[in-house]
Amino acid sequence: MQSQEITDKTAAMMPELITSLERLVAIPSVAFPGYPEEPVRRMVDETVQLFRDVGFRNARPMNVPTGFPPIYGDIVGPPGSPTVMLYAHLDVQPAPVEQGWTSDPWTPTHKDDGRIYGRGAADDKAGVVAHLGTMRIFDGQPPCTVKLILESMEETESNLEAFVEANPEMFACDVFIICDMGNLKVGEPALTTALRGDVACVVTVRTLQHPLHSGVFGGPAPDAMMALAKLLTTLIDDEGNVAVDGVSRYSWDGADLSEDEYRASADLLDGVQLIGSGSVASRLWSFPSISAIGVDMTTIAGSSNVLIPEASAKLSMRIVPGSDPNKELDALVHHLESHAPWGAQVEVRRTKAAPPFVCQTDGPAYTAARQALETAYGKSPAEAGSGGSIPLLRTLQQAAPGAEFILWGAEDVAASRIHASDESVDPTEIEKLVISQAQLIQILAESAKR
């Protein structure tokens, strides 16, 4: 199939793809505990049928011990052709009213900027419909073997890693196409080559055996919340850089975002400064970052004039590509235990050690992906990182050690606002993504014939 034919077929099918996207966005497929199960199961059932219609005749929900099932299917290509596995996920983040949505998150909405708004429009139902479009390009008969895995619990406690570990033969392939990323800006192609990892812990600070009257005892006796706050401030320096000895970092030498572009996408309040030093890309992708993502102490409504004896915080530290999550977490724990203010008792409970990921960039599939993007966009792609973490990639790598990974998607960083209010996708990014994926599969199949 010639490049122009792929481009023309994609343009012709876009109205149908957008209809499919709207249909899926309207399903509130939140897989978090406490949310209704029916929408997630309906999302699975409807997606199975969509993929059966484009050639995955054996697409089906897989049996898993717990949680919602992933969807698996395959189309066997010509003998000797490579095997490509397509990945995306069906579930979405919650969309509470207090996030500040300007349109109903479960009603796909076209706005004057040309984008489509709704929860999951970008993350990751755009990836799902891109795979649909890719298969429609080939009329359900791709020139190589194509496997499909669609996850139903990516945004919460994933059950797919355990499924991969139990069934590694199902994931044997030459190339994984992970469609859950995106360009930095619309129209500017990029391949994601590195993802930060994520380590987490809960630190508890204790200073008193029991609460004390804040007037009678306040002054000499430290309350635990103030001690915890003082401990947390030692984790960063005055500029906002991580100040934990032994934690890895390096400077990013690929694509970058300007401070204005980052501010626009992050929606910082007026007057709030960016923190840290170095390029924005380095701060996002190759420097560590630490966030306090939860605190336990007396609520404001339940407070009284007492000194708090115990306070806890959950800390998440993003770690750089190439680092060892256990060693990075060791460094964080040692810092917390050795910087206790005023002799406070500090206890640290480790809760997570998810590895970072680095893509091979010198293999034939990566070269083909660059060529495919250049054909689709008319310009050479950049290399970007991701501050987010996908532990599944390491599990897939262990199941198929020789496979290459292509990480891309329709979630442009500058405007998609994934996980936030007014999430959206630019339809042109979906169109270019379908072209790129079809071109990549075509290139891989032709290379295998030589």
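In this structure, helix α10 passes helix α12 in a right-handed crossing, where right-handed says that the near helix is turned clockwise from the far one by less than a right angle, and left-handed that it is turned anticlockwise. Before going further, please keep in mind that this is a predicted model, in which local features need pLDDT of at least 70 and side-chain atom pairs count only at pLDDT 80 or more, while totals for chains, interfaces and linings use all residues. Residues are numbered from 1 along each chain as its sequence is written, and side-chain values use heavy atoms, with hydrogens and water left out.

Let us stay with that first pair. The axes of α10 and α12 are 8 Å apart and the packing angle is about 135 degrees; axes here are lines fitted to C-alpha atoms, for helices over the stretch in contact, and angles run from 0 to 180 degrees between N-to-C directions. The two helices are therefore oblique to each other, given that angles under 35 degrees count as roughly parallel, over 145 as roughly antiparallel, 65 to 115 as roughly perpendicular and the rest as oblique. On the α10 side, the residues that meet α12 include Ala365, Ala368, Ala372 and Tyr377, and their partners in α12 include Glu429, Lys432, Ile443 and Leu444; contact means heavy atoms within 4.5 Å. This contact has 11 nonpolar, four polar and two charged residues, where Ala, Val, Leu, Ile, Met, Phe, Trp, Tyr, Cys and Pro count as nonpolar, Asp, Glu, Lys and Arg as charged, and the others, Gly among them, as polar.

On a 1 Å grid over the protein atoms alone, a cavity is a set of points where a 1.4 Å probe fits but cannot get out, a pocket is an open set with protein on both sides within 12 Å along at least five of seven lines, and lining residues have an atom within 4 Å of a point. Grid points are joined across faces, edges and corners, and a volume is the space filled by probe spheres set on the points. The second largest pocket holds about 180 Å³ of space. Its lining has 14 residues, and Pro364, Ala365, Ala368, Leu444 and Ser447 are the closest to its centre.

Now turn to helix α3 (125–137). Helix α1 (residues 3–25) packs on α3 at about 140 degrees, with the axes 9 Å apart, which makes α1 oblique to α3. Their crossing is right-handed. Residues of α1 in this contact include Ile6, Met13, Leu17 and Leu24, which meet a set in α3 that includes Val128, Leu132 and Ile137. By class, the contact has 11 nonpolar, three polar and four charged residues.

Helix α2 (residues 38–53) also packs on α3, at an angle of about 25 degrees and with the axes 10 Å apart. These two are therefore roughly parallel to each other, and their crossing is right-handed. Met43, Thr47, Leu50 and Phe51 of α2 make the contact with Lys125, Val128, His131 and Leu132 of α3, giving five nonpolar, two polar and one charged residue.

The peptide bond from Asp123 to Asp124 is cis, with omega near 5 degrees, and Asp124 lies in the loop between β5 (116–117) and α3. Asp267, in the loop between α7 (259–266) and α8 (280–286), has a positive phi of about 55 degrees although it is not a glycine. Finally, Leu232 is found in helix α6 (residues 224–233). Its C-alpha atom is 9.8 Å from that of Ile290, 58 residues apart along the chain. Leaving aside neighbours within four places in sequence, Leu232 is in contact with Ala292, Ala313 and Leu315.

Technical notes:
Helix = DSSP H or I, 4+ residues; strand = E, 2+ residues; numbered from the N terminus.
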